[in-house]
Every structure is written in C-alpha cells, then in structure tokens.
Amino acid sequence: MPEPLDAALTEVRALLLDPALTRAVAAGRRRGHRPSVVRAELRPVTLKSGPRLQISTSDGARPYTRNVAPGAEAGAAVDELLAEPFGNWHVETAGTTLQLRVTKSGEAQVHRAAANRPAREPGGHDRAKDWLLDPGDPLFAEIGGSAAKRRQVDAFLRALATTLPDDLTGPLRVVDLGCGNAYLTFAAYRYLAQRGLDVELVGVDVREDQRRRNTELAERLGWTHRVRFVAGTIADAVVEPAPDLVLALHACDTATDEALARAVRWDARWVLAAPCCHHDVAAQLRSRPAPSPYELLTRQGILRERFADVLTDALRAALLRLHGYRAEVVEFVDSAHTPRNLLIRARRTGGAPTADQRAEYRELIGQWGVTPRLETLLAAGSPDGS
Ligand SMILES: C[S@@+](CC[C@H](N)C(=O)[O-])C[C@H]1O[C@@H](n2cnc3c(N)ncnc32)[C@H](O)[C@@H]1O
C-alpha cells in the first residue's frame, strides 16, 4: 500500500538518527528529478573524538566522506540528504530493516521487517552496534574466521581508530606484518576505506601458500588494486613505498621485534603491534641468576615466563621511545578473547630521547643481564651501528 512520502521520510529520519543504526543507503532518482549525488551511504563510526555518523556520497566519479557529530550536526546533514530526490532508501538498525521506494506518482512504497541478522552473536552478548565493523558486513562471509578472531580484530581496529588523527587525509600506506590468513589485513582495509581514506595495504607473511590464498581472496573481493600480498620475511620483504602505518597481530616470538625494527627503519608514523609468545628474554633469564633481591621473581618457571613477558614488552616500548616514538603498552581486548591481549602502540614524534630515558633503559638491561632482540635488530639496522 503506498503511503504519504513525507510521513515515510520522517520515519526514515528517526531511524537514521537512532543510535542503533547500522547502515543506510540512498540511491536512484525520482521521476523527473536528479539528486546532486548518485548515492549516499551512512553508518556509525567510532573516532578518537567519539562516535560519529559517517556519510559517504558519490557523484558517480569520486567518493566524498565526512563524519558528523551526533545531535544537531547529524540532524542537519540527514535533513539535507532527505531533501534530495532519491528514488530509494534502505535503512538497517539493530532491530529493523526499512526499504522505501518512491513510486511514479510520488508516494512511498515501504517495506518494514525485523532486522535480518541477530542482534546478538550466537553464544555472545554483543549487539551489532558494539562492533566497529558491522558483523553483517558481507566481507566476513568471504574471509571466515572464528568468533574469537573476529572479536580480536575488531578490538585491534578500535585501538587503531583511537590512534589515527580524526582529520587524517591523503594517501595512507599500511603494512600488516606476519599477516597469516589476512583476517586483520582485510578488516583493516574495510575500516580505513570506510573512513574515507585513500588506503593501500600490503600483507607480508613468510608463507607463499598464504600469499596465494590471500591474493585469491583479494581478487574475489575486487580489492587487488588496493590490497596485495608479499611472501617474505618481516625483516626483508620488499614493501615500497615505505608504509605510514605498521600493523602486526601476534607475529610469533621475535617476529614482533622484526616488525618493530622494520617500522623504525621505515620511519613509520604509527605502529600497532600485539605480541605473541615471548621466548627470547625468557631464555636469557633462564641462563643466568637474577639480580638480588629479585630471585623470587624468576625462581619458578611460570613466574619467570610471565616476568619475561612483562620485561620484553617494557623494553620494546622503551626502545621505541629511544628511537623517536611515543610508545605505550595497553590491553586491546579482554583476555577472554585471547591471552595475548597486550598491544604496543607507538606514534612517531621524531623527538630525541632524554638522558634519563637512555639511562633507565641501560640500567634495566644491565641489572638483568639481557639483550633484547629488538636492540640487536635496531643496532644492525642503523647506518652507524649505534
Ligand atoms: C600466529 S600467526 C598470526 C597471523 C595473523 N596476524 C593473525 O593474527 O591471524 C603468525 C604469522 O606470522 C608469520 N611469521 C612468523 N614469523 C615471520 C617472519 N619472520 N616473517 C614473516 N612472517 C612471519 C607466520 O607464518 C604466521 O602466518
């Protein structure tokens, strides 16, 4: 049954401004009219400055994306779009899907349905709006992955969202080191492209079979012009031009050190590395007595391993600080989703380290008699060997 258009658009407006909105698309045109853009897509995003409504429009040649604050700004932007003579609106919220088509006589043909995806994950408690990337995104049907992996990656991307400046523009070159089956690589591309960034992403993994598999996946997604894969070691793989952003999720043991060293050599602006197992410093601690009075920290195997984890990541962050980065270690996801839930997050400042920073690093490694792998890699990589 056709309905009055104004009333139907008022209903669309309420859904577009509802915090439960997951996605909306406007396209097509009404008889005898032409909208100023051929398509508009709206979705909620989380930026460093908080939640925003992202509006991407296309004039048929180029996309244009902006992020507006909830409230009056979002209301005004939505009103502008509703005033355009689009022929169709498709709106999804956590609970509802509404499709509106404008008939030839200028009325609204509206179809309303309960949302076509569950508001809760199977076995979980999360609603769609708790995710940075929409769990209903067709991408996930292509790339698969367990629920735990999806949660890890979503949380990793949230940490990325709060790292990049909101006003970031221009091309962004990204590398995912030790990408494995590229779950993070593809999800990161989706997230960054949705933010309206002109992204190029390279996934590096030592395994040639992963390169082939991931490249086929990129072909199926139609993303090969933006996402490509290289088989090689993190230390040596050819990635040109040098990336602005380095990602590494659970690169094994000292592969995380290789990733951090490579990021420093590339002069990357941002680094997000979630370490995996740590064996290097643990083995060094095992091979010599602990400095007094800290024997109790390392006498028992499990305590020594845990202490080695803490020491390794503290030294990694300290080394990044000595190489011109502001670095911190944070928990990026609840430990229920992975016990490897720490993230080393660094932003290049280019600042020289202070004498105190140098001294505290030297004192710590001197006391414990360890040489972190990252220190060795950084020394080997710098032209003067310092
Ligand atoms: C634990 S998996 C993690 C994969 C992916 N980042 C994820 O989180 O699902 C570690 C990956 O790093 C790769 N890898 C380990 N050491 C590497 C190195 N030195 N250079 C390149 N790849 C490496 C392995 O082949 C593996 O695919």
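A polar contact here is a pair of N or O atoms within 3.5 Å; within protein, one must be able to donate a hydrogen and the other to accept it, and residues adjacent in sequence count only if both atoms are side-chain atoms. Keep in mind that this is a predicted model, where local features need pLDDT of at least 70, side-chain atom pairs count only at pLDDT 80 or more, and totals for chains, interfaces and linings use all residues. Residues are numbered from 1 along each chain as its sequence is written, and side-chain values use heavy atoms, with hydrogens and water left out.

**First stop: the ligand**

Select Leu249: one of its polar backbone atoms sits 2.7 Å from a ligand nitrogen atom. Next, click Gly178, where a backbone N or O atom is 2.8 Å from a nitrogen atom of the ligand. Then try Val206, with a polar backbone atom 3.1 Å from a ligand nitrogen. On its own the ligand has 600 Å² of accessible area (Shrake-Rupley method, 1.4 Å probe), and the protein covers 79% of that.

Now show the 15 residues around the ligand (a heavy atom within 4 Å); Lys149, Gly178, Asp205, Ile234 and Leu249 come nearest. Colour this shell by type and you will find six nonpolar, five polar and four charged residues, with Gly counted as polar.

**Second stop: two helices**

Select residues 5-16 for α1 and 72-83 for α2 (DSSP runs of H or I, at least four residues). These helices pack at about 145 degrees, with axes 10 Å apart (lines fitted to C-alpha atoms over the stretch in contact; angles run from 0 to 180 degrees between N-to-C directions). Show Leu9, Val12, Arg13 and Leu16 of α1 with Gly75, Val78, Asp79 and Leu82 of α2 to see the contact (heavy atoms within 4.5 Å).
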